[in-house]
Amino acid sequence: MLIGSYRPFLSLFTAFLIVASTFAVTPDRAQAATSQPYEWKNVVTNAGGGFIPGIVFNTSEPDLIYARTDIGGAYRWNPANETWIPLLDFVGWDEWGKTGVDALATDPVDPDRLYIAAGTYTNSWDPNNGYIMRSTDRGNTWEETELPFKVGGNMPGRSMGERLQIDPNDNSILFFGARSGNGLWKSADYGVTWSKVVSFPNPGNYVQNPANEYQGDIMGLAWITFDPSTGSPGQATQTIYVGVADVAESIYRSTDGGATWAAVPGQPTGYLPHHGVLSSTGDLYIPYSNGIGPYDGTKGEVWKYNTKTGVWKNISPVPDADNYFGYGGLAVDAQQPNTLMVTSLNSWWPDAMIYRSVDGGESWTSIWDWESYPNRSFRYTQDISAAPWLDFATNPQIPEITPKLGWMIGDLQIDPFDSDRMMYGTGATIYGTNNLTDWDQDEQIHIKVMAQGIEEMAVLDLASPPSGAPLVSAIGDVTGFRHDHLLQTPTKMFTRPTTSTSLDFAEQSPNFFVRVGNEDYELHPNGKSVGFSYDGGSNWNWGNSEPPGTRGGGTVAVSADATSVVWSTGDVGVYVSKNAGNSWTKSTGVPSGAQVRSDRVNPNKFYAASGGKFYVSTNGGSSFTQTAATGLPSGGTLNFKAMPGLEGEIWLAGGQANGLYGLWHSSNSGQSFTKLSNVAQADTIGFGKAAPGATYMALYATAKIDGVRGIYRSDDAGASWVRINDDQHQYGIPNATITGDPRVYGRVYLGTNGRGILFADPVGGTEPGGPEPVTSSTISPTNASFDLKASAQAAIPVALTLNGNTFTGVKHGSYTLAAGVDYTLSGTTVTLLPSYLSTLPLGTVNLTFQFSAGTHPVLQLSIIDTTTPEPGVEGEMKVEMYNGERASSTVSINPRIKLTNTGDKAISLADVNLRYFYTADGSQSQAFFCDWSHIGSANVVGTFHALASAKPTADTYLNIGFTAGAGMLNPGQSIELQIRFSKSDWSSYSQSNDYSFNATASSYVEHSKLAGYINGTLQWGMEP
């Protein structure tokens, strides 16, 4: 997670005793520019989307929990609604490094006190030193002390810890373990002043990779642990343990309150200690790895040190010979001190490992176990309904499954007041459970997403098209989303490619999107770093080709009419495609690495900027010509855009301190630019709907105006500006992307580097005199069920609350329900008819109620069938099935089938046929694949057939047959088939209304809508 651009800043401070700032971190500042109150909220993704290196429970107050992130600040748990509250949104432009939190400590004596070690990088990327920040109101307000060195919240080893700790007996005393060889530091006045503990003998010597600037720093000290039994209330704890990143000697102890130190004798060597957790029985548990994480670690051990006897014991869950991962998170149950858990830091295949012991590590059980390969048994269920996109849109083959337990599991914690609650951080979210002790009864624990409120994504690009979803995003780590509802989590993330750096849409055909990133070619050897969407960002497919030699990245622009795509790659220059990615031709006259944009009116015009020069193409991007424009910034940030509705209207933000910096405007396609004198600095620019009574679109910028850094709006083409954020809502250094909403005046979308996507509206709605904010219509109920059993079928009435809007219809995916046939309308009640409902597939079906304005509410239907499926002939065979890919829209349909002989005679598989019924959604040719089967993939064949009479839920079926080489299926014997099929052009199927589709099952269940035949006679299930 890296910030793209930085402003030079010099901070020199070499005093040995560090004295705190006596002012609040966010003092009031005079603002010469006018301001307008705005309400800021996160665009919800509900899972975080980034690494959670640390979770900290207060040990004296229940439900007081904190989480720290590597680039997105710190959060406090809100038990009232089980969400997280951000604590560092006030951090501003010049001190953005404080959003990286390398350690956190919550006071066990005075729970109102909170401390963090803040700073993002210890290398040249962060110009500032680190800080110890302290709060006496649980993070609502802060004071700070600057350190004489840097702190690395986003550096390697950031999930080791905690390296900042409070003495549990005398809470005025704190210790901090520094990076970069800076050793151990102590404060005796609640973190106000700090001094180096010069007697501490080992500042650490481990370096992850000396040849790489990011990985080339000394890791330093990893964690600090107090033994509270060696002190008393008000009297300093005497015994303290410190873990150091040194494979030769890593565990140190003081028995005199930190005055003197010595290595603990007999300690293991060869590995690096990630945590040190002391139980109330006096046992110190330490997970080791051969790397500091969070990405590495291929070997490790777990050790227990009896602090009373001095005996060390290797209690690793996995013998060294079988181990292929290092250990990360470790927790001891405060209520049951012999109960502990430890995680793999990175076990990439088939999944992470979590182990649990109830006897102090003498024996272990694991969260999953191997059965006969490739099958596994599980001590858990996993619920990602709060953030369905956490399946990462993957369709793995067993033994892998989706979602995964996680990766980069550097921290796991058990609630000290509730043995049933556990949380752990991953590279993408926080997972947890509230029934942990069921594990010990050989029952499954229920893992779910526990990250609601955390939004940690690094946002690289945003688009708000004139129709379709209000927002489409390009995200660094998790690719991006189509945000149909700003306050509801998206159901899926983007794929193809697997990362995103830039996106654009055709202004006159806004369903056409193009997105570029850096594809994982090792994972997808035939993948491309460019993707195309024809449905407003809902579904993506790789281009059929890409510029030769590219590894992707860069920026992309789409012509206004979708006929041309210009891609400035991150490595091989600028290319143009005029056939939707089927081929690419190198553009001429434009330098490699230039930023590219399209004119939003003239489809032949494209623009490029690089090195203080501006370029224009008038032939759809084939060639560019440098314009006569001068006075543009040649370094620093660069962000320019062309305004919709006005040909040649361009705004350019960028530059750097001590050089050209600001905002420029051109009305002649970049032939000349005028610098705005009232904007000292600007880094992003975007456009939104014009103000009431105005015709020129509103401008939005992250800028410095009248000496104040902020987020600004102009309603008069830049003549005047209004600040729309305040000092409590600064979000670090949002210098990548901003846009307004072309449909809602005053609304702004802001991309941040670690706090996700923010959106904001003026408090109280639009400006006085403008249109009233739209009130969306609602429906009741929003959830209902329909039973396919003939005697139980019943119509479903849905009451409409119009709120001034007009009802326009009901849609199921792309299908529009027919009034009078599928439903009736009487007054403000829609009645869904059984004749339509009975055609829907089992599982969850979403019907969208359309209105003339506002958001469109969704009725979630649960389609059930309480009848018992009966095979055509009793006892011959049974078919079980689930769909490996259950998204409503997919480029491949993936049935997982289990066929069992339930009779008393052997069946020749060559006589068996299975039929999967579906709608083809097009006339393209289709391809069949069998990825795996007990009988061999080559013995499974598939052919496609059109139904003689199309049905609402099926016009085609896949016939699955077997060769003579498949052999016999004996009585009681089963075979499994992992199959998939797709269209030749990889366009999408809409499978949610397909007859044979099962939207709910995630394992084999009897499925009557997949028909089975022996010698052409129906033996199982029902045809549509």
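The radius of gyration of the chain is 31 Å, in agreement with the value near 31 Å for a compact globule of 1024 residues. This radius is taken over C-alpha atoms, and the globule rule is 2.2 Å times the number of residues to the power 0.38. The model is predicted: local features need pLDDT of at least 70, side-chain atom pairs count only at pLDDT 80 or more, and totals for chains, interfaces and linings use all residues. Residues are numbered from 1 along each chain as its sequence is written, and side-chain values use heavy atoms, with hydrogens and water left out.

Along its principal axes, the C-alpha trace spans about 85 × 75 × 55 Å. The chain holds 1 helix and 84 strands. Helices (H or I, at least four residues) and strands (E, at least two) are DSSP runs, numbered from the N terminus. Of the 1024 residues, 57% count as buried. Buried means under 20% relative accessible area, exposed over 50%, and partly exposed in between (1.4 Å probe, protein chains only).

Among contacts between residues at least 6 apart in sequence, 58% join residues at least 24 apart. A contact means heavy atoms within 4.5 Å. The chain carries 60 positive and 95 negative charges, and their mean positions are 5 Å apart. Lys and Arg count as positive and Asp and Glu as negative; His and the chain ends are not counted. Each charge is placed at NZ of Lys, CZ of Arg, CG of Asp or CD of Glu.

Strands β38 to β41 are considered next. They form an open sheet of 4 strands in the order β38-β39-β40-β41, with antiparallel pairing. Its edge strands are β38 (502–506) and β41 (541–542), each pairing on one side only. Two strands pair if DSSP finds at least two bridges between them. Strand β40 (residues 530–533) is joined to β41 over 2 bridges in the antiparallel sense. F532 stands opposite N541 of β41. In the loop between β41 and β42 (555–558) lies S545. S545 counts as buried because its relative accessibility is 16%. Not counting residues up to four places away in sequence, S545 touches K528, V530, G581, N582, S583 and W584.

A second open sheet has 4 strands in the order β50-β51-β52-β53, again with antiparallel pairing. Strands β50 and β53 (674–675) stand at the edges with a single partner strand each, so one side of each lacks a neighbour in the sheet. Strand β52 (residues 661–666) runs antiparallel to β53, and 2 bridges join them. H665 has T674 of β53 as its bridge partner. G648 sits in the loop between β50 (637–642) and β51 (650–655). With a relative accessibility of 1%, G648 counts as buried. Neighbours within four places in sequence aside, G648 contacts D599, Y607, S666, S667, N668 and S669. G648 and K605 are 43 residues apart in sequence, yet their C-alpha atoms are 8.6 Å apart in space.

Strand β67 (residues 829–832) has two contrasting faces: V830 and L832 are on the covered face, T829 and T831 on the uncovered one. In a regular strand, side chains alternate between the two faces of the sheet. Strand β63 (residues 796–801) pairs with β67 in the antiparallel sense over 4 bridges. V798 has V830 of β67 as its bridge partner. Strand β66 (residues 823–826) also runs antiparallel to β67, joined by 4 bridges. Here S826 stands opposite T829. β66 and β67 form a hairpin with 2 residues between them, and G827 in the turn has a positive phi of about 65°.

Most residues other than glycine have a negative phi, and most peptide bonds are trans. The bond joining G161 and E162 is cis, with omega about 5°. E162 is in the loop between β10 (143–146) and β11 (164–166). The peptide bond from T402 to P403 is cis, with omega near 0°. P403 lies in the loop between β30 (380–383) and β31 (411–414). A393 lies in the loop between β30 and β31. Although not a glycine, A393 has a positive phi of about 50°. At 32% relative accessibility, A393 counts as partly exposed. A717, in the loop between β56 (708–714) and β57 (722–723), has a positive phi near 60°. A717 is partly exposed, with a relative accessible area of 31%.
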